[in-house]
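Q: Can you walk me through this one? I want to go over the ligand sites.

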Amino acid sequence: VPALELVGATKSYGSHPAVCEVDLAVTAGEVVTVIGPSGCGKSTLLRLAAGLERPDGGEVRVGGKVVAGPTWVPPERRHVGMVFQDHALFPHLDVARNIAFGLDDLPRAQRAGRVAEVLELVGLSHLGHRHPHELSGGEQQRVALARALAPRPTVVLLDEPFSSLDANLRTQVRTQTLEALHETGSAALVVTHDQTEALSMGDRIAVLKDGVVRQIGTPSEVYESP
Ligand code: ADP
Ligand code: ADP
């Protein structure tokens, strides 16, 4: 059973289809990148998976369970983690509390352990008591990843996760992110407009144009075909 599956997923704004009958599956342990020009529907696709948008047609499934289509499961009940371009960390909470925020369902006695575990995963065990403004951009991005992974989601969705970082840092944080994803065995869907990023991160790459998946395959399959 795929971790995430979109089946004929369609979303229109007015008469304009932003995402048009998209079929896409991501299996556990797999990283799929979605690439395409601005306005091709990348964010909409991710938002459909996250439950931030409702599809007009088709289905979204997480771990084999229908979460959008004939039934509706809201974002917080989908076992989906999200990482945004701008981190979206809570400025008034320290790093540990930022991460603990999504762990309401975990018995209280287990929360500190889980927070410590994901801090170690992203190499930030020493920074649990800092506030976001006391961290570098790269560290903030790693906290955002730790927060997304802490509830052990079935799939993690990353929307242009490194675009706010400068070029050197981007490569470094990308590598750290991949290591963390591989260590947890999470399925991940990563939206990017950067070909290098799509190539270096994706086990498979989906090329989106005008809301339609034009191509999907391994990096060599996608970039060696016309
Ligand atoms: P991308 O992430 O690839 O830049 P988007 O998914 O943001 O593309 O947008 C796809 C299309 O849907 C674009 O034509 C965009 O203008 C349109 N769109 C996205 N969000 C909205 C919205 N909330 N209202 C109206 N149109 C939207
Ligand atoms: P509360 O604010 O609810 O009294 P805490 O101040 O202990 O709880 O911190 C909030 C959450 O972050 C808790 O789930 C706690 O277990 C966790 N936490 C706080 N500091 C750390 C830390 N340094 N390492 C790991 N987990 C921490």
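Q: Which element gives the largest share of the shell around ligand 1?
A: That is α1, with three residues. Keep in mind that this is a predicted model.

Q: Which elements supply at least two residues each there?
A: Two are listed: β2, residues 16-26, and α1, residues 42-50.

Q: And which residues are around ligand 1?
A: Tyr 13, His 16, Ala 18 and Pro 37 are in the shell.

Q: What lies 2.7 Å from an oxygen atom of ligand 1?
A: A polar backbone atom of Gly 39. Cys 40 also has a backbone N or O atom 3.2 Å from an oxygen atom of the ligand.

Q: What about the side chain of His 16?
A: One of its polar atoms lies 3.5 Å from an oxygen atom of ligand 1.

Q: How much of ligand 1 does the protein cover?
A: The protein covers 58%. On its own, ligand 1 has 560 Å² of accessible area.

Q: OK, switching to ligand 2. Which residues surround it?
A: Ala 96, Arg 97, Ala 100, Arg 108, Arg 111, Ala 112, Val 115, Ala 116 and His 129.

Q: Which element gives the most to that shell?
A: α3 does, with five residues. Both α2 (95-100) and α3 (108-121) supply at least two residues each.

Q: How many charged residues are in the shell around ligand 2?
A: Three are charged. Another five are nonpolar, and one is polar.

Q: What does the side chain of Arg 97 do at ligand 2?
A: It places a polar atom 2.5 Å from an oxygen atom of ligand 2.

Q: And Ala 112, what part of it lies 3.3 Å from ligand 2?
A: A backbone N or O atom, facing an oxygen atom of the ligand at that distance.

Q: Which residue has a side-chain N or O atom 3.3 Å from a nitrogen atom of ligand 2?
A: His 129.

Q: How much of ligand 2 gets buried by the protein?
A: The protein buries 59% of the 540 Å² that ligand 2 exposes when taken alone.

Q: Last one. Which pocket is the space taken by ligand 2?
A: The second largest pocket.

How values were computed
Residues numbered from 1 in each chain as written. Chains lettered and ligands numbered in written order. Predicted model: local features only at pLDDT ≥ 70, side-chain atom pairs only at ≥ 80, totals over all residues. Heavy atoms only, no water. Near = heavy atom within 4 Å. Polar contact = N/O pair within 3.5 Å; in protein donor to acceptor, adjacent residues only side chain to side chain. Areas by Shrake-Rupley, 256 points an atom, 1.4 Å probe, with all protein chains shown as cover. 1 Å grid on protein atoms, 1.4 Å probe; cavity = no way out; pocket = protein on both sides within 12 Å on 5 of 7 lines; lining within 4 Å. Sits in = over half its atoms within 2 Å of the grid points. Helix = DSSP H or I, 4+ residues; strand = E, 2+ residues; numbered from the N terminus. Nonpolar A, V, L, I, M, F, W, Y, C, P; charged D, E, K, R; others polar.
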